[in-house]
Amino acid sequence: MEWGVTTGKDCVLCYGGQESHSHLFFEGQYATLVWTSIRSKCCRHGDSLSLLAEVQWGSQHCSKSVSTIIYQWCLAASVYFIWRERNSRIFRQVGVDSYTLVKRIEEEIRACLESMQLSIHSDFDVAICQDWGIHFRVVT
């Protein structure tokens, strides 16, 4: 079936390279700005990894703590919103800058987390929740 949409190989988010999975979500200028900003809110700094490496890191270094939940939501939301932004630019010719997208991702994550009843077991989780402005209950 023909959709009638033709796209080039250049990234529509940063116009700085060929679109590939790695470039689109982690290596391109736009994605780097988004993921670095969101990732820092999870207290996860350093070089950004590939999607597979980030998922593996999350599986190996995280428990069922609040910080783990937030990291997982951040990763999933970043990929989802970057993909939506790409499609919006291709199919509707409408886009937003990386700062605006980061704010949208943060709002979505905060809303999802606010709907959960979070029980905090560590000072680290308390700090992350306070940074996100999320209400929580400390379990002693």
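The model is a predicted one. The protein chain has 140 residues, of which 41% are buried. Its secondary structure consists of 6 helices and 2 strands, arranged along the sequence as α-α-α-α-α-β-α-β.

**Largest pocket**

- The largest pocket holds about 160 Å³ of space.
- Its lining is made up of F81, R84, E85, S88, R92, V94, G95, V96, L101 and R104.
- Two elements, α4 (66-92) and α5 (98-114), each give two or more residues to this lining.
- The largest contribution comes from α4, which supplies 5 residues to the lining.
- By residue class, the lining of the largest pocket splits into 4 charged, 4 nonpolar and 2 polar residues.
- F81, one of the lining residues, has a relative accessible area of 9%, below the 20% cut-off, and therefore counts as buried.

**Aromatic pairs and charges over rings**

- The whole structure contains 4 aromatic pairs.
- One of these pairs joins Y80 and F81: the ring centres are 5.4 Å apart and the planes stand at 90°, so the arrangement is edge-to-face.
- Within this pair, Y80 is partly exposed at 47% relative accessibility, whereas F81 is buried at 9%.
- F26, W35 and Y71 form a cluster linked by ring pairs.
- K41 is placed over the face of W132, at a distance of 4.8 Å from the ring centre.
- R89 has its charged end over the ring of Y30, 4.9 Å from the centre of that ring.

**Helix α6 and the residues after it**

- Helix α6 spans residues 123-132, and its buried residues are D125, V126, I128, C129 and W132.
- An α-helix has 3.6 residues a turn, so residues three or four places apart point the same way.
- The exposed residues D123 and Q130 are on the face of α6 turned away from its buried side.
- W132, one of the buried residues of α6, carries the ring that K41 lies over.
- G133 follows α6 and has a positive phi, near 75°.
- I134 belongs to the loop between α6 and β2 (137-138).
- With a relative accessibility of 3%, I134 falls under the 20% cut-off and so counts as buried.
- The C-alpha atoms of I134 and R110 are 6.7 Å apart, although the two residues are separated by 24 residues along the chain.

**The loop between α4 and α5**

- Q93 is located in the loop between α4 and α5.
- Q93 has a relative accessible area of 62%, over the 50% cut-off, and is therefore exposed.
- The phi of Q93 is positive, about 55°, although Q93 is not a glycine.
- Most residues other than glycine have a negative phi.

**Residues with C-alpha separations**

- T100 is part of helix α5 and is partly exposed, with a relative accessible area of 27%.
- T100 and V34 are 66 residues apart along the chain, and their C-alpha atoms are separated by 9.4 Å.
- H21 lies in helix α1, residues 21-27, and is partly exposed at a relative accessible area of 45%.
- Between H21 and L51 there are 8.8 Å in space, C-alpha to C-alpha, and 30 residues in sequence.
- S20 is in the segment before α1.
- The relative accessible area of S20 is 34%, which lies between the 20% and 50% cut-offs, so S20 is partly exposed.
- S20 and D10, 10 residues apart along the chain, have C-alpha atoms separated by 9.0 Å.

Terms used:
Residues are numbered from 1 along each chain as its sequence is written. This is a predicted model: local features need pLDDT of at least 70, side-chain atom pairs count only at pLDDT 80 or more; totals for chains, interfaces and linings use all residues. Side-chain values use heavy atoms; hydrogens and water are left out. On a 1 Å grid over the protein atoms alone, a cavity is a set of points where a 1.4 Å probe fits but cannot get out, and a pocket is an open set with protein on both sides within 12 Å along at least five of seven lines; lining residues have an atom within 4 Å of a point. Grid points are joined across faces, edges and corners, and a volume is the space filled by probe spheres set on the points. Helices (H or I, at least four residues) and strands (E, at least two) are DSSP runs, numbered from the N terminus. Ala, Val, Leu, Ile, Met, Phe, Trp, Tyr, Cys and Pro count as nonpolar, Asp, Glu, Lys and Arg as charged, and the others, Gly among them, as polar. Rings of Phe, Tyr and Trp (its six-membered ring) pair if their centres lie within 6.5 Å; planes under 30 degrees apart count as stacked, over 60 as edge-to-face and the rest as tilted. Buried means under 20% relative accessible area, exposed over 50%, partly exposed in between (1.4 Å probe, protein chains only). A charge sits over a ring if NZ of Lys or CZ of Arg is within 6 Å of the ring centre and within 35 degrees of the ring normal.
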